[in-house]
Structure formats: structure tokens, C-alpha cells
Amino acid sequence: MVKVYHTRLGNLSTSVIVNGVPRRVQFLARDGVNGIFSTDDELLQQAMEKSRGYGKRFSLLEVSQAQVEKETYTLVPDVRSWQEARDYLRKAPYGLSDEEVSTPARIEQAADKLHLIFTHLKKGKKR
């Protein structure tokens, strides 16, 4: 579960002791007043709620259940060139336009969005 803590002291930086080791916690405030910090680390949550600053300098704002979403990808082993990949993405069920698959970089982006992996194509270098 994820717990969200807040403070009215702006960008507060504080330390709490987790298993005998000091650990830095930083609250970030976009407006300079209301700082927010969230974590799903249960040991850190317990340490924060036992610290001297809890209830004075910061407090619990909300608790939410973290839902892990598994991403599944489809392997496409039959595609062996960028041209074949472009043709594959232009056909049903994807039906992408020529503009959406006009370059290898755009083909990679479209494949990522659609959770497809062209197993015989090498990805371009990321800059």
C-alpha cells in the first residue's frame, strides 16, 4: 500500500531511523507551502509514524492500494525489415497511417504503444 504524507513547511527535508540507520525523507512543495512525500516502503512508513516529527512537522494525508499492472507484449517474429514492420502496422487490427509509421523511430514508438516486439529488428540508438 502507498501512503502519502504532507507538511505545511514547504520543501521539508528530515531524517527518520529505519532499522537503526538514518534515512532522508524529502517533502516537495510546488507552491512553497504544502509539501508531499509518498512511499510504499512499509519499514519507512513505520519509522515515519514513530518519529518525533509525526503529527507536528508532517502527518499522514492518505492511504491507497497500489495496483500493479502487468504489461504483456506480443512477439512478432515474422517481420524481418522496417518495411515489413510498417506494412504490418498499417494492416488491421492496427490500421496506422503512413505518417504514424514513416520512419524506423516512429515504427518503434508505435510498436511500444501497441505492446509489440519485432524480434528480428534492431532498435535504434537512444540519444
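Predicted model: local features only at pLDDT ≥ 70, side-chain atom pairs only at ≥ 80, totals over all residues.
Is L75 buried or exposed? L75 has 55% relative accessibility, and because the cut-off for exposed is over 50%, L75 counts as exposed.

**Entry 1: around L75**

I looked up where L75 sits and found it in strand β6, which covers residues 74-76. I then checked for nonpolar surface around this leucine. Y73, L75 and I117 together make a nonpolar surface patch of about 280 Å².

**Entry 2: salt bridges, the count**

Next I turned to charged pairs. As a reminder to myself, side chains of opposite charge can pair when their charged atoms come close. How many salt bridges does a search of the whole structure find? The search gives 5. I went through some of them one by one.

**Entry 3: E49 and K3**

I picked E49 and found it in a salt bridge with K3, with 3.0 Å between the closest N and O atoms. E49 belongs to helix α1 (residues 42-50) and K3 to strand β1 (residues 2-7), so this pair ties together parts that lie 46 residues apart in sequence. E49 is partly exposed at 29% relative accessibility, whereas K3, at 13%, counts as buried. The cut-off I used for buried is under 20%, so K3 falls in that class with its 13%.

My next stop was D98, whose side chain meets that of R90 in a salt bridge at 2.8 Å, N to O. D98 is partly exposed, with a relative accessible area of 46%. R90 is partly exposed too, at 36% relative accessibility.

**Entry 4: R106 and E99**

I noted one more pair here: the side chains of R106 and E99 form a salt bridge, 2.6 Å from N to O. For R106 I found a relative accessible area of 33%, which makes this arginine partly exposed.

**Entry 5: L28 in its loop**

I finished with another leucine. Where is L28 placed? I found L28 in the loop between β3 (21-26) and β4 (35-39). L28 is exposed, with a relative accessible area of 60%. Leaving aside residues up to four places away in sequence, I see L28 touching N11, N34, G35 and I36. I also checked L28 against H6, which is 22 residues away along the chain. Their C-alpha atoms are separated by 9.1 Å.

Definitions and conventions. Residues numbered from 1 in each chain as written. Heavy atoms only, no water. Patch = residues over 30% accessible without salt bridge, like charges linked within 9 Å, V, L, I, M, F, W, Y side chains within 5 Å. Areas by Shrake-Rupley, 256 points an atom, 1.4 Å probe, with all protein chains shown as cover. Salt bridge = Lys/Arg side-chain N within 4 Å of Asp/Glu carboxyl O. Helix = DSSP H or I, 4+ residues; strand = E, 2+ residues; numbered from the N terminus. Buried < 20%, exposed > 50% of the residue type's maximum accessible area, 1.4 Å probe, protein only. Contact = heavy atoms within 4.5 Å.
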